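I opened this entry to record what I looked up in the structure. The notes follow the order of my reading.

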Amino acid sequence: MPTSSARPSALRAFEATGRAIDEDSLAPRVVPLGEALDAFRATSGWSDWLGDVPPLDVDVGSLRGRLDQIVTFVAQVAAGFEAADTTPDTDDVVTAGDDRIASQAAGPTPSGSTTPTATWSARRSRPARS
């Protein structure tokens with residue numbers, strides 16, 4: 001039976017870092033970036049610059065979605081290793097059968113599917129403007 005090894009605390013640290021990147025760096029910039037690009041798009045002649053000004057607001061939304069997918073998957077894998085950990089009070093590397101880890105990593109996804117290959121929405125909506 002194939003096995004994998006990981007330190008659950010390292011996986012949880014990756015999860016926390018990924019969430020912090022989104023919450024502290026990306027999320028606060030979504031609205032200001034969208035507003036700036038919307039203001040630019042509202043100017044006359046903006047289409048002359050269309051090729052030079054990519055839709056970065058869409059790119060940031062895609063990045064946030066991909067980051068969420070990766071962080072969610074790593075958290076599921078961490079849960080699998082934590083469940084297999086026979087000495088949870090130590091910070092040791094845990095080795096477990098791949099089938100045991102896969103059963104955790106195939107848990108619920110953001111789309112509500114139970115398959116890790118589900119298509120997840122990468123777009124994040126901005127708050128409505130008044």
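**Basis of the model.** I note that this is a predicted model, in which local features need pLDDT of at least 70 and side-chain atom pairs count only at pLDDT 80 or more, while totals for chains, interfaces and linings use all residues. Residues are numbered from 1 along each chain as its sequence is written, and side-chain values use heavy atoms, with hydrogens and water left out.

**Overall layout.** I took helices (H or I, at least four residues) and strands (E, at least two) as DSSP runs, numbered from the N terminus. The protein chain has three helices and two strands, in the order β-α-α-β-α from the N terminus. Of its 130 residues, 29% are buried. I counted a contact as heavy atoms within 4.5 Å. Among contacts between residues at least 6 apart in sequence, 73% join residues at least 24 apart.

**Helix α1.** I looked up the span of α1, residues 8-41. The 34 residues reach 46 Å from first C-alpha to last, close to the 50 Å expected at 1.5 Å a residue; the expected span is 1.5 Å times one less than the number of residues. I then looked for a bend, taken as the angle between axes fitted to the seven residues ending at a position and the seven starting there. The helix α1 bends by about 40° at L26, and the proline P28 follows within four residues. Its buried residues include L11, G18, L26 and L37. The buried residues of α1 pack against β1 (3-6), α2 (56-84) and β2 (94-97).

**Nonpolar core.** I defined such a core as a set of buried Ala, Val, Leu, Ile, Met, Phe, Trp, Tyr and Cys residues joined through side-chain atoms within 4.5 Å. The largest one has 11 residues, among them A6, L11, V74, F81, V94 and I101. At least two residues of this core come from each of α2, β2 and α3 (98-105). The largest share, five residues, is supplied by α2.

**Salt bridges.** I required a side-chain nitrogen of Lys or Arg within 4 Å of a carboxyl oxygen of Asp or Glu. The whole structure holds seven salt bridges.

How far apart are N and O in the salt bridge of R12 and E15? I find 2.8 Å. R12 and E15 are separated by about one helical turn because they are three residues apart in helix α1. R12 counts as partly exposed, at 27% relative accessibility.

R19 and D68 also meet in a salt bridge, at 3.7 Å from N to O. This pair links distant parts of the chain, with R19 in helix α1 and D68 in helix α2, 49 residues apart. R19 is partly exposed at 29%, and D68 is partly exposed at 21%. R12, E15, R19, D68 and E82 are linked in a network of salt bridges.

Are R64 and D22 buried or exposed? Both are buried. In their salt bridge the closest N and O atoms are 2.4 Å apart. Because R64 lies in helix α2 and D22 in helix α1, the pair ties together parts that are 42 residues apart in sequence. D22 has 16% relative accessibility. Leaving out residues up to four places away in sequence, D22 touches A27, P28, R64 and L67.

Note on methods. Buried means under 20% relative accessible area, exposed over 50%, partly exposed in between (1.4 Å probe, protein chains only).
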